[in-house]
Protein chains: 2
Amino acid sequence: MKIALAQLNYHVGNFESNTAKIIHHINKARNNGADLVVFAELCVCGYPSRDFLEFDEFIGLCDNAAKKIAAACTDMACIIGIPTFNHNAEGKDLSNSAYFIENGAIKAKVNKALLPNYDIFDEYRYFEPSMEFNCIDFKGQRIALTICEDLWNTIENPLYITRPMDILIEQKPDVMINIAASPFSYKHDEERIAILEDNAKRYNLPLFYVNHVGAQTELIFDGGSLVFDNTGKLVDELPYFEEALTYYILGDDASITLQQPSTVMAERAGDIEQIYQAVILGIRDYFYKSGFSRAILGLSGGIDSAVVCALAAEALGAENVMAVLLPSRFSTDHSLKDAEDLVANLGCKSETIPIKTITEAFETALEPQFQGLPFNIAEENIQSRSRAILLMAMCNKFGYILLNTSNKSEAAVGYGTLYGDMCGGISVIGDVYKTQVFELARYINREREIIPENSIIKPPSAELRPDQKDSDSLPEYDILDKIICEYVEHRCSSAEIIRMGYDEATVRRTIKLINLAEHKRYQTPPILRVSPKAFGMGRRMPIVGKYLS
Amino acid sequence: MKIALAQLNYHVGNFESNTAKIIHHINKARNNGADLVVFAELCVCGYPSRDFLEFDEFIGLCDNAAKKIAAACTDMACIIGIPTFNHNAEGKDLSNSAYFIENGAIKAKVNKALLPNYDIFDEYRYFEPSMEFNCIDFKGQRIALTICEDLWNTIENPLYITRPMDILIEQKPDVMINIAASPFSYKHDEERIAILEDNAKRYNLPLFYVNHVGAQTELIFDGGSLVFDNTGKLVDELPYFEEALTYYILGDDASITLQQPSTVMAERAGDIEQIYQAVILGIRDYFYKSGFSRAILGLSGGIDSAVVCALAAEALGAENVMAVLLPSRFSTDHSLKDAEDLVANLGCKSETIPIKTITEAFETALEPQFQGLPFNIAEENIQSRSRAILLMAMCNKFGYILLNTSNKSEAAVGYGTLYGDMCGGISVIGDVYKTQVFELARYINREREIIPENSIIKPPSAELRPDQKDSDSLPEYDILDKIICEYVEHRCSSAEIIRMGYDEATVRRTIKLINLAEHKRYQTPPILRVSPKAFGMGRRMPIVGKYLS
């Protein structure tokens with residue numbers, strides 16, 4: 001049997017483009033002699049479709065698309081992922097299904113049993129877990145077809161009380177196929193390989209695994225579809241962050257013969273390289289899928305906006321990036337110079353709009369109320385917010401999307417101005433710690449200096465008052481980032497973090513800052529997710545809660 | 001047996017105050033001769049604790065609190081709601097539990113079986129559903145103790161495949177007790193009564209039901225705890241939007257004798273009166289539980305800000321409300337006059353800060369970029385955003401929280417300025433349609449004119465350009481609100497709404513506007529939820545999705 005794996009970039013709710021893309025790849029696979037082409041989980045509607053799934057019409061449109069795909073799938077077979085109505089009276093109204101389509105007709109339907117409902121996943125919000133398990137016979141081979149999480153209950157702390165493959169294996173299948181929607185986070189590729197290798201070994205079966213690629217707002221799918229033989233050996237690994245269509249001959253003896261050179265990675269890409277590629281794809285798809293092409297951002301001369309500017313230029317083309325310098329009376333000459341150097345290095349567009357007359361107009365207007373009270377955070381925030389108004393005015397006038405340049409460390413402790421530098425359509429590095437931003441800058445500069453060296457080495461500063469430094473208000477970032485990671489990503493208590501050797505006062509203060517900033521983070525743009533626990537849809541905290549605040 | 005029902009206002013994560021409050025009511029109930037006092041679902045930590053539940057330390061603090069409560073519960077019994085560790089290897093790590101505490105010790109534990117995971121509910125994110133059902137014997141009576149949703153699988157489209165009471169009834173209980181966390185939405189009181197009445201009748205048992213009261217950020221719990229006899233007759237209904245402690249003698253013959261006059265409502269409060277009370281409680285608890293006391297808002301002379309100002313004055317006291325008039329060159333004299341009249345009627349504080357010099361400073365600064373391009377939405381938004389900066393500067397200088405004054409109709413179609421009038425700590429009427437805002441204004445004026453009549457009767461306008469009216473850009477609100485409701489709350493397709501008789505072009509345009517505004521709504525403040533489907537945590541839509549946009 002000749003199997004094709006189609007690792008594609010879908011668009012949530014865009015039935016026209018998703019259907020056309022699936023049919024195009026069916027035709028291509030048929031032309032290459034494939035018997036079966038495998039697409040990813042919920043490919044018909046895109047993943048995650050979220051509450052669109054609650055619209056009966058949306059499910060009807062999925063059904064229409066499946067009919068079109070089936071009609072195109074003649075003289076061969078395909079597997080597609082699709083939400084379907086659950087016709088049992090009891091339970092949720094939908095199933096997360098896979099259709100096995102053969103010669104123009106839907107021959108079998110498999111429903112997902114293990115529904116992830118943690119972090120960014122909400123599948124039990126929509127779907128009823130399956131309790132029926134049947135293999136599919138095709139071309140003399142018996143296929144155990146499962147959907148993503150169905151193979152993920154093998155870890156130390158199993159989240160589910162059933163294991164679909166334990167039931168399917170009794171039907172003596174010849175091969176496992178798993179269709180998935182497994183979003184990127186650094187290290188997740190290794191975890192994926194380990195879990196799937198474990199399945200191939202445990203059940204002594206070859207395993208074909210197809211993932212999504214492409215970004216859907218904050219979620220980035222990295223592809224990296226996988227093929228294992230029945231000893232658990234990884235025989236192929238599809239490319240990361242790009243589409244692919246690959247072919248394999250599966251022999252009756254369970255042998256797998258690649259029809260193109262294997263692209264198993266000799267050496268795994270480092271975290272920073274992966275983050276770089278993920279974020280580029282995230283920016284590109286955010287713009288492309290929302291029908292925009294041009295980005296704008298404020299350039300301070302600091303490292304965060306410099307890195308975002310370089311990433312945007314790579315993702316969208318430098319000619320589509322407008323960098324705006326917005327100096328205040330506290331901006332240093334070297335900051336302006338660093339920003340100008342970056343613009344020159346990248347070749348992007350730039351404008352300079354000083355904010356002095358604007359902040360003075362605010363301060364004058366507020367004189368009757370402020371009555372000579374000392375300069376404080378109110379005046380600092382006026383600067384940051386005046387910049388946001390100017391950038392948004394440029395967006396409104398010329399059709400840019402504003403890129404947010406906050407990093408994860410700032411977002412964590414609330415070191416940023418709501419409606420000021422926390423504005424934007426999408427947060428590019430909001431899941432990247434400050435210490436990682438430095439590494440990203442070095443990575444961007446790996447061949448030549450793009451980010452000015454001075455932006456990298458100078459002490460971080462918001463420049464909202466004279467001689468301000470981040471370290472005036474915050475612990476040094478190498479300490480801060482580790483504490484944030486232990487609390488936010490590993491969900492350790494302050495006592496546990498202190499036991500690791502961090503200063504007690506610093507730990508308590510940091511955790512308190514994190515909890516007190518929930519109200520700010522609630523109103524920030526979606527953040528491109530690159531870590532196992534990003535701020536946003538995957539982390540849902542009370543705002544008026546009292547715990548640790 | 002003398003049973004006490006404690007309908008209380010908890011604070012998420014505030015173990016100190018929740019524990020003290022529970023123990024205080026145990027002591028009070030004991031002094032009044034109660035054998036058993038019943039508290040609400042997850043009362044120990046507050047509801048919803050959301051991802052705090054993922055911290056082991058948080059669950060440990062719940063356990064500590066339970067020990068203190070048990071120690072205080074001598075010579076009587078109580079029922080409390082608490083998250084507990086699930087010690088089975090498989091499944092989620094937690095259970096949503098009820099402890100039956102008797103004479104200082106935890107005598108029984110019951111786990112919730114039906115876990116709501118829709119709209120604002122995420123319980124399967126944390127909890128493993130129970131599959132064990134046992135009654136509890138106490139004082140010669142057998143209690144079938146269930147938790148909230150466990151009794152809610154009796155409706156036409158059952159969401160779950162089990163029904164806990166069908167199993168418990170085989171153990172021949174004498175009484176049902178249900179502890180709940182059932183948030184307010186208008187009409188939900190009637191639905192609650194119908195479902196619980198149906199349970200009492202179906203199982204032919206008396207039923208005691210205890211709900212939360214009080215707001216946790218956007219979710220408002222209205223109380224309204226209930227007592228039914230075994231014929232399904234509603235014998236008591238606790239007050240709405242306030243705490244209560246009531247007593248009942250449950251006879252061995254299943255008779256219920258109230259120990260205070262019944263407060264079953266002769267006539268149900270209207271939707272608008274309920275919304276009024278809910279929103280007042282929502283504002284009050286948002287401020288109280290986050291440790292603030294003073295609110296600020298921009299007063300335009302229009303009806304939305306007038307209504308919010310009146311609600312805030314009722315919730316916090318007029319002396320704690322600062323209304324700021326922010327006239328531009330497009331503000332009409334009558335708007336200023338209407339705003340001033342409102343301030344005088346309420347007796348709240350006010351300031352006037354003209355924005356003309358500020359918007360001029362922006363326009364001058366942008367002249368090199370805008371190069372004489374015509375006045376458009378860019379300049380309109382500068383006005384709205386300049387107001388937001390001034391209001392936030394007042395917050396930063398004086399410690400106010402900014403109240404957002406957008407209504408649900410505007411929020412739906414994106415008729416508002418992000419980082420402008422869409423700012424605020426909490427959105428007061430973001431779940432109230434414009435047509436309901438008019439009704440709220442009439443309700444506020446039921447005894448005397450508080451909202452100036454002119455603010456109610458004049459055509460709605462944003463006053464961001466000369467002679468602007470909402471109806472220039474939007475359908476009339478009586479039509480618009482109905483289309484929004486059918487799409488957002490009832491999840492009807494455009495075809496279905498058109499079949500109801502609405503103009504096709506208007507329906508398609510409205511739905512498109514709603515879908516295109518997801519990116520704006522993503523960044524708006526939490527919205528006090530008063531409808532069955534509010535924007536915010538209960539409605540999760542893709543941003544770059546293509547469906548109907």
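In chain B of this predicted model, P48(B) sits in the loop between β2 (36–38) and α2 (56–72). Helices (H or I, at least four residues) and strands (E, at least two) are DSSP runs, numbered from the N terminus. The peptide bond from Y47(B) to P48(B) is cis, with omega near -5°. In chain A, P48(A) lies in the loop between β2 (36–38) and α2 (56–72). There the bond from Y47(A) to P48(A) is cis, with omega near 0°.

The β2–α2 loop of chain B also holds R50(B). Phi of R50(B) is near 50°, a positive value in a residue other than glycine. R50(B) is buried, with 22 other C-beta atoms within 10 Å. A residue counts as buried if 20 or more other C-beta atoms lie within 10 Å of its own, as exposed if 12 or fewer do, and as partly exposed in between; C-beta atoms are placed from the backbone. In chain A, E463(A) has a phi near 50°, positive although the residue is not glycine. E463(A) belongs to the loop between α13 (453–457) and α14 (470–473) of chain A. E463(A) is buried, with 21 other C-beta atoms within 10 Å.

Residues are numbered from 1 along each chain as its sequence is written, and chains are lettered from A, and ligands numbered from 1, in the order in which they are written. As the model is predicted, local features need pLDDT of at least 70 and side-chain atom pairs count only at pLDDT 80 or more, while totals for chains, interfaces and linings use all residues.

Chain A has 18 helices and 20 strands. Its radius of gyration is 26 Å, close to the 24 Å that the globule rule gives for 549 residues, so chain A is as compact as a globular protein of that length. The radius is taken over C-alpha atoms; the rule is 2.2 Å times the number of residues to the power 0.38. Along the principal axes, the C-alpha atoms of chain A fill a box of roughly 85 × 50 × 50 Å. Of the 549 residues of chain A, 57% count as buried. Two residues are in contact if their C-beta atoms, placed from the backbone, lie within 7 Å. Among the contacts in chain A with a separation of 6 or more, 72% join residues 24 or more positions apart.

The domain assignment of chain A gives domain 1 (2–267) and domain 2 (273–468). Such bounds come from an automatic or database domain assignment. The domain centres, taken over C-alpha atoms, are separated by 40 Å. The contact takes ten residues from domain 1 of chain A and nine from domain 2 of chain A. On the side of domain 1, β10 (213–216) and β11 (219–222) are the elements that give two or more residues.

A rotation of 180° with 0.0 Å of shift along its axis superposes chain B on chain A (RMSD 0.0 Å). The two copies are thus related as by a two-fold rotation axis. Superposition is by least squares on the C-alpha atoms of residues with pLDDT of at least 70 in both copies. Of the residues of chain B, Q523(B) comes closest to the axis, at 2.1 Å (C-alpha).

At the interface, 77 residues of chain B are in contact with 77 residues of chain A. The largest share of the chain B side, 14 residues, comes from α10(B). 100% of the interface residues of chain B are also interface residues in chain A, so the copies meet through the same surface.
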